[in-house]
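I hope they are handy to have beside you as you look through it.

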Amino acid sequence: MRRTLRSKRSGMSETESNNDPRVAMYSRQGIDVFPFDDIIEHKERLAIIDVSRNNIATIPASINNFVNIIELDLSTNRIVKLPDELLQLKHLRILTCKNNHLNGDSLPKDFGSCPALQTLNFSGNLFLNFPVQLTEISSLRVLHMGGNRMRDIPPEIEKLVRLEHLYLGGNHLVTLPPNVGNLQKLLSLVLCDNRLASLPAELVQLKQLRSLSLHNNHLTILPPEIITLTELCELSLRGNPLVVRFVRDLTWNPPTLLELAARCVKNNQVHYTKEDLPGEVMLYLDSARHCLNPKCYGVYFNARVQHVKFVDFCGKYRLPLMQYLCSPECSPASRRSSSESCSSSEDADSEDEVQVPRNKLKKVLLG
Ligand SMILES: [Zn+2]
């Protein structure tokens, strides 16, 4: 076996990986031609070919000799076209071709007939439009199309019914077709760093969605139904006009006279008995809830301030959490101005965080 045939899996020792006959590892070799002559003798046993980070411009038609290839990494080269013969690799599951010079004319016309492809990475290329052929690859589970120049996504995207992860960040998207709502298996959807001014309400059909990345867009509103995405646990919104406006527009309906009186009774610990008050007033008093501002010992009944608190995870995700306070004066923003700092997840805000019972914390929801 040649010296350059080695495993890309870091878990293996150097000796072990040098001897792995299934892997042809040519990453960072400074080559400008696909190393066909070097590896053709192993054509049937090769499962992985990695020629990433070189200066290769052309993938030869003879790639179809490697009939048992499962994974092909062509990333960070100068590739302008993928050969039709790629479609003959019936076991190819992972094709990584990020950071090349691919555009709408670069793909085989029948690219959709890749029978086994599950993970496809075309991020960092020159696509101006989403290649419609990709929507025919029904086996696809992971699709990276980030960092291109795409302005729109075709409605046919809905045909990718097995898709679990869709990366469209860093494009020029202005809108998203409602059909995205039909990707029922979707677990994560990355739309950050685009020009989206709105989202289709159909996104709420993505019942399995766990992560929705929307930062750095032009969003001013979100579909209110987004609160029904019960699996959603990561939502990033920073860098949208929406966030600023939402926080400023929080409204406060003043408490009723009944509530004001009841608050006085509770806050001043006025003693009362069943003999003093009608039953319904007793029940009302019992419904008092404590303000979630740890520095406030007050209670509220029906009038409460919905306070959205943003927790920033290393600048990557910004999660607005909703909590209830007894009055606008209890808003942390009025006590200190800290929320814009982007430190690690828990420091500046942890003081409040630990005071908030988990059952009072709602995952976001901007509506
Ligand atoms: Zn309070």
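**Notes on the predicted model**

1. Let me start with D193, which counts as buried, with 20 C-beta neighbours inside 10 Å. The cut-offs behind that word are 20 or more other C-beta atoms within 10 Å of a residue's own for buried, 12 or fewer for exposed, and partly exposed in between, with C-beta atoms placed from the backbone. D193 sits in the loop between β8 and β9 (211–213). Although D193 is not a glycine, its phi is positive, at about 55°. For background, most residues other than glycine have a negative phi.

2. A word on the ground rules. This is a predicted model, in which local features need pLDDT of at least 70 and side-chain atom pairs count only at pLDDT 80 or more, while totals for chains, interfaces and linings use all residues. Residues are numbered from 1 along each chain as its sequence is written.

3. Now the overall make-up. Of its 367 residues, 33% count as buried. Contacts are pairs whose C-beta atoms, placed from the backbone, lie within 7 Å. Among those between residues at least 6 apart in sequence, 36% join residues at least 24 apart.

4. Do look at the sheet. Ten strands form an open sheet in the order β1-β2-β3-β4-β5-β6-β7-β8-β9-β10, with parallel pairing. Edge positions go to β1 and β10 (234–236), which have a single partner strand each, so one side of each is left without a neighbour in the sheet. On average, neighbouring strands of this sheet are turned by 5° against each other, direction ignored; the axes are lines fitted to C-alpha atoms, and angles run from 0 to 180 degrees between N-to-C directions. Two strands pair if DSSP finds at least two bridges between them, and β1 and β2 (residues 48–50) share three bridges in the parallel sense. Within β2, D50 is the bridge partner of M25.

5. Which residues have the most contacts inside the largest nonpolar core? They are L143, M145, L166, L168 and L191, in a core of 67 residues. Such a core is a set of buried Ala, Val, Leu, Ile, Met, Phe, Trp, Tyr and Cys residues joined through C-beta atoms within 7 Å. At least two residues of this core come from each of β1 (23–25), β7 (165–167) and β8 (188–190). Of the strands, β1 gives the most, with three residues. Setting aside neighbours within four places in sequence, L168 touches M145, G146, I153, L173, V190 and L191.

6. Apart from that core lies another, of seven residues, including L292, V305, C326 and C330. V305 belongs to strand β13 (residues 305–313) and is buried, with 21 other C-beta atoms within 10 Å. V305 and C291 are 14 residues apart along the chain, and their C-alpha atoms are separated by 9.5 Å.

7. N99, in the loop between β4 (94–96) and β5 (119–121), has a positive phi of about 55° although it is not a glycine. N99 is buried, with 20 other C-beta atoms within 10 Å. S75, in the loop between β3 (71–73) and β4, is buried with 22 such neighbours inside 10 Å. Beyond four places in sequence, S75 is in contact with S52, T96, C97, K98 and N99. From S75 to S27 is 48 residues in sequence and 9.3 Å in space, C-alpha to C-alpha.

How values were computed:
Helices (H or I, at least four residues) and strands (E, at least two) are DSSP runs, numbered from the N terminus. Two residues are in contact if their C-beta atoms, placed from the backbone, lie within 7 Å.
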